[in-house]
Amino acid sequence: MTTEMQEIAITEEKPLLPGQPDPTKFMCVTLPPSQEHSIETPHGLLHVTLHGTSNTRRPAILTFHDVGLDSKSCFSPLFKFEEMQEIVKNFTLVHIDAPGQEEGATAYPMGYQYPSMEQIAEMIPAVLTYFNFRTVIGIGVGSGSYILSRFTMAHPDSVEGLVLINMDPETRGWMDWAAQKITTLTSSLTEQILSHLFSQEEMSANADLVRSHRDRISKAPNLINIELFWRSYNSRRDLIIDRNSNFKCPVMLVVGDQAPHEEAAVECNSKLDPTTTSFLKPSKLTEAFKYFIQGMGYMASSIMTRLSRSRTASLSSSYSMDGERQRSRTLSQSSQGGQMPPSPSHTMEVSC
């Protein structure tokens, strides 16, 4: 029986990336010791940070950050949440920094030819080869979601699942292109990037957070590198998404309320296979990601945090020690339990 895609609203208790945890409300922990690597690829060096061991039978969780951020500022808040420690303890984390975006990176010289979005995606297989990873679960934010999508399309057997946050798969139309040109002439690089990371509503509601990002970007010693990455992203080609031929793995699309790329994410969702796609708007990311992992057949016996039982979707799947597993789609209604899918107007309420 074909499972119809459902838009699922989950109670928001933590901000979507980019953001910082609120220490007055949520307990954060220190991540395991990390190993930093410089990996040679066909298009230059990549800075990669690894948490945990590469000797695991489970796929690594591979992340890619957005423009104006690096792997640390983008993903550390997420993986430091106490609720994420079950994931951290059971999976290897691999954080990729786009070329020249890592903390402390040396500024590129004038005239440096920065790689295109397609070329950056082509650098990722070298990371998997370096660590001897067979498969990964990807988490991308903004430009990082575009890059991981490119990688997944080119190497479908290497990706078991994909989480795309604030995804915009298309280039700008003529009107948007003209508006961007005007913005480029009248706004600083920092303000352009902030308008990519935050909507006007988000800027008003998160003044301290926006101020922190503004100071960090404007004072970055590798600001020229950030500008090159920004230009490369704005020069990207459309992702040709067809639900019958593109992503062969489960996909979770996440977009925040009033996010600057909300419409683009909704449009992207309409083009994906509804039987393998979950669309969360807004989401409590830590909770949703754990259920996404469990829905793929990993940690199926783990005790997750409380879920509203009256609206629970089927998230069970079998997983055997020899690696064979029967996957059930994340946050989708069970086709075995005799229950009809919930109405799209229903919501799932998740609490800690």
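Residues are numbered from 1 along each chain as its sequence is written, and side-chain values use heavy atoms, with hydrogens and water left out. Because the model is predicted, local features need a pLDDT of at least 70 and side-chain atom pairs count only at pLDDT 80 or more, whereas totals for chains, interfaces and linings use all residues.

The chain has 11 helices and 11 strands, taken as DSSP runs numbered from the N terminus (helices are H or I with at least four residues, strands are E with at least two). Of its 352 residues, 53% are buried, where buried means under 20% relative accessible area, exposed over 50% and partly exposed in between, with a 1.4 Å probe and protein chains only. Contact is taken to mean heavy atoms within 4.5 Å, and among the contacts between residues at least 6 apart in sequence, 76% join residues at least 24 apart. The average pLDDT (the predictor's confidence in each residue, from 0 to 100) is 77, and 70% of the residues score at least 70. In residues 19-26 the pLDDT is below 50, and this stretch has 12 contacts in the model beyond near neighbours in sequence. Residues 305-352 also have a pLDDT below 50, with 107 contacts in the model beyond near neighbours in sequence.

A nonpolar core is defined here as a set of buried Ala, Val, Leu, Ile, Met, Phe, Trp, Tyr and Cys residues joined through side-chain atoms within 4.5 Å. The largest such core holds 87 residues, of which Phe 79, Ile 124 and Phe 289 touch the most other members. Helix H3 (residues 117-131) supplies the largest share of this core, with nine residues. When neighbours within four places in sequence are set aside, Ile 124 is in contact with Leu 62, Phe 64, Ile 96, Ile 147, Leu 148 and Phe 151. In soluble globular proteins, nonpolar side chains tend to be buried together.

Helix H4 (residues 143-154) is mostly covered, with 10 of its 12 residues buried; among them are Tyr 146, Ile 147, Leu 148 and Phe 151. The elements that cover these buried residues include strand E4 (60-64), H3, E6, E7 and helix H9 (223-234). The expected span of a helix is 1.5 Å times one less than its number of residues; the 12 residues of H4 should therefore span 16 Å, which agrees with the 17 Å between its end C-alpha atoms. Helix H11 (residues 285-295) is likewise mostly covered, with 11 of its 11 residues buried, including Leu 285, Thr 286 and Phe 289. After H11 comes Gly 297, whose phi is positive, near 105°.

Met 84 lies in the loop between helix H1 (71-79) and helix H2 (85-90), and with a relative accessible area of 0% this residue is buried. Residues up to four places away in sequence not being counted, Met 84 touches Leu 78, Phe 79, Thr 286 and Phe 289. Although Met 84 and Leu 285 are 201 residues apart along the chain, their C-alpha atoms are separated by 9.9 Å.

Aromatic rings of Phe, Tyr and Trp (its six-membered ring) are paired if their centres lie within 6.5 Å, with planes under 30 degrees apart counted as stacked, over 60 as edge-to-face and the rest as tilted. By this rule there are seven aromatic pairs. The rings of Tyr 130 and Phe 131 have centres 5.0 Å apart and planes at 85°, so this pair is edge-to-face. Tyr 130 is partly exposed, at 44% relative accessibility, whereas Phe 131 is buried, at 7%. Ring pairs also link Tyr 108, Tyr 112, Tyr 114 and Phe 229 into a cluster. A charge sits over a ring if NZ of Lys or CZ of Arg is within 6 Å of the ring centre and within 35 degrees of the ring normal. Arg 58 lies over the face of Phe 91, at 5.4 Å from the ring centre, and Arg 236 lies over the face of Tyr 233, at 4.0 Å.

Most residues other than glycine have a negative phi. Asn 132, in the loop between H3 and strand E6 (136-141), has a positive phi of about 65° and is exposed, at 68% relative accessibility. Asn 166, in the loop between strand E7 (159-165) and helix H5 (174-186), has a positive phi of about 55° but is buried, with a relative accessible area of 8%.
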